[in-house]
Amino acid sequence: MSGWDHFQHMADIGVHGFGESLAEAFEQAALAMMAVITDPTRVRQDAVVEVVCAAPDRELLLVDWLNAWVYEIATRNMLFSRFRVTLTDDRLRGLGWGEPLDRARHRPAVEIKGATYTELRVWQDEAATWHAQCVVDV
């Protein structure tokens, strides 16, 4: 079972993804971040964008992954509604499907400035579910 949720953190918001694999938890964390901006069901999957990240540990890799999408949102003026992650050692290759921002249809709530190290954690629980979380600056 995979999914995502948000958690409150002062003026910012926490994003939390979980799934049967580490890759799935990262995918869901990115979806949780997109859901801070808009309802992902409003975002069509018309275009695909690739990002590549590398970091010495899982936590730093999560921050790099989320910040790569903050960059793609800002530079491409796009939103995304689906992600796929492939992990190999300390490297991540990810794909995101989305479309150009349409303010009337997407009704963006906030602009995310970046993923932070606050409450940053990547772990596997006793039921073997993977979790990936951090706070994003809005």
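Okay, hi everyone. Quick housekeeping: because the model is predicted, local features need pLDDT of at least 70 and side-chain atom pairs count only at pLDDT 80 or more, while totals for chains, interfaces and linings use all residues. Residues are numbered from 1 along each chain as its sequence is written, and side-chain values use heavy atoms, with hydrogens and water left out.

Let's start with the sheet. Three strands make an open sheet, ordered 3-5-4, with antiparallel pairing. Strands here are DSSP runs of E, at least two residues, and helices are runs of H or I, at least four, numbered from the N terminus. Two strands pair if DSSP finds at least two bridges between them. Strand 3 (47–54) and strand 4 (78–88) are the edges, each pairing on one side only. Between strand 4 and strand 5 there are 10 bridges, and one joins Phe-83 to Gly-96 in strand 5.

Now the helices. Helix 2 (residues 58–76) packs on the sheet and touches strand 3, strand 4 and strand 5; touching, or contact, means heavy atoms within 4.5 Å. At the N-terminal end of helix 2 sits a cap, Asp-57, with a side-chain oxygen 3.1 Å from the backbone nitrogen of Glu-59. Just past helix 2, Asn-77 has a positive phi of about 55°. Which residues of helix 2 are buried? Among them are Leu-62, Trp-65, Leu-66 and Trp-69, where buried means under 20% relative accessible area, exposed over 50%, and partly exposed in between (1.4 Å probe, protein chains only). As background, an α-helix has 3.6 residues a turn, so residues three or four places apart point the same way.

My next stop is Glu-99, in strand 5 (residues 91–100). Buried or exposed? Glu-99 counts as buried because its relative accessibility is 3%. Its side chain makes a polar contact of 2.7 Å with that of Arg-105. A polar contact is a pair of N or O atoms within 3.5 Å; within protein, one must be able to donate a hydrogen and the other to accept it, and residues adjacent in sequence count only if both atoms are side-chain atoms.

Cys-53 is buried at 7% relative accessibility, and Cys-134 is buried at 0%. That's it from me, thanks!

Notes
Axes are lines fitted to C-alpha atoms, for helices over the stretch in contact, and angles run from 0 to 180 degrees between N-to-C directions.
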